Amino acid sequence: KQWYQRRVRGAVQSEREREQAERSELLNREFTANDNTDTILALDAAISFNDKAMNSDRGLDRLLDNGAEALRQLRNQRSTLGIIKGRMSSIVSSLGLSQTVMKMVERRSTTDQYLFYMGCVITLLIMFLLLYFVI
């Protein structure tokens, strides 16, 4: 039992001596600015990444706005072209052009519409492939 008590007192005393040495070291130490620039570089990289992300976000917003405006203009043009088609039909019928010519014009319009949609699909496919393989 005495051996155990001596052992505990010795451990407590060595712990107190170690704490005292740490205290005196901290009290006598002169603190200076960090010489390590790792934190500064990491912060600069984070700020740079944030700036690039914000610029990309603004660019995407502008792109979406431009797309919405283009779609709005296409809808306006479609309604305008519908009005023009009706007027042209009345003018052509008053001039006496045949129905076969009118059907040929409408068929051509349908073919042009299919070509337009195929062009859109091909363009989207090319953009997807570029995005997938390049970026």
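Trainee: Which helices each supply at least two residues of the lining of the largest pocket?
Mentor: Helix 2 and helix 3 do. Keep in mind that this is a predicted model.

Trainee: Where does the largest share of that lining come from?
Mentor: From helix 2, with 11 residues.

Trainee: And what volume does the largest pocket have?
Mentor: About 890 Å³. It has 21 lining residues, and those closest to the pocket centre are Arg78, Leu81, Gly82, Ser109 and Gln113.

Trainee: How does the lining divide into nonpolar, polar and charged?
Mentor: The largest pocket has 11 nonpolar, 6 polar and 4 charged residues in its lining.

Trainee: How much space lies in the second largest pocket?
Mentor: About 230 Å³. Helix 2 and helix 3 are the elements giving two or more residues to the lining of this second largest pocket.

Trainee: Which residues line the second largest pocket?
Mentor: Leu63, Gly67, Leu74, Phe116, Cys120 and Met127. By class, that lining has 5 nonpolar residues, 1 polar residue and no charged ones.

Trainee: Let's zoom out. How many helices and strands does the chain have?
Mentor: There are 3 helices and 0 strands. Read from the N terminus, the order is α-α-α.

Trainee: What share of the chain is buried?
Mentor: Buried residues make up 1% of the 135 residues.

Trainee: And the accessible surface, what does that come to?
Mentor: About 13100 Å² for the chain. Carbon and sulfur atoms account for 61% of that surface.

Trainee: New topic. How many salt bridges are there?
Mentor: The count comes to 5. Let's go through some of them, helix by helix.

Trainee: OK, start with Glu15. What does its side chain meet in a salt bridge?
Mentor: The side chain of Arg18, at 2.5 Å from N to O. Glu15 and Arg18 both sit in helix 1, which covers residues 2–28. They are 3 residues apart, about one turn of the helix.

Trainee: What about Glu69? Which residue does it pair with?
Mentor: Glu69 forms a salt bridge with Arg72, at 3.0 Å from N to O. Both are in helix 2, residues 38–95. Because they are 3 residues apart there, about one helical turn separates them.

Trainee: Next, which residue forms a salt bridge with Asp112?
Mentor: Arg108 does, with the closest N and O atoms 3.3 Å apart. Asp112 and Arg108 are in helix 3, residues 99–134. They lie 4 residues apart, about one turn of the helix.

Trainee: Is Arg108 buried or exposed?
Mentor: Exposed, because its relative accessibility is 56% and the cut-off for exposed is over 50%. Asp112 is partly exposed, with a relative accessible area of 36%.

Trainee: Last one. Which residues do salt bridges with shared partners join into one network?
Mentor: Glu15, Arg18 and Glu22.

Definitions and conventions: Residues numbered from 1 in each chain as written. Predicted model: local features only at pLDDT ≥ 70, side-chain atom pairs only at ≥ 80, totals over all residues. Heavy atoms only, no water. Buried < 20%, exposed > 50% of the residue type's maximum accessible area, 1.4 Å probe, protein only. Areas by Shrake-Rupley, 256 points an atom, 1.4 Å probe, with all protein chains shown as cover. Salt bridge = Lys/Arg side-chain N within 4 Å of Asp/Glu carboxyl O. 1 Å grid on protein atoms, 1.4 Å probe; cavity = no way out; pocket = protein on both sides within 12 Å on 5 of 7 lines; lining within 4 Å. Points joined across faces, edges and corners; volume = space filled by probe spheres on them. Nonpolar A, V, L, I, M, F, W, Y, C, P; charged D, E, K, R; others polar.
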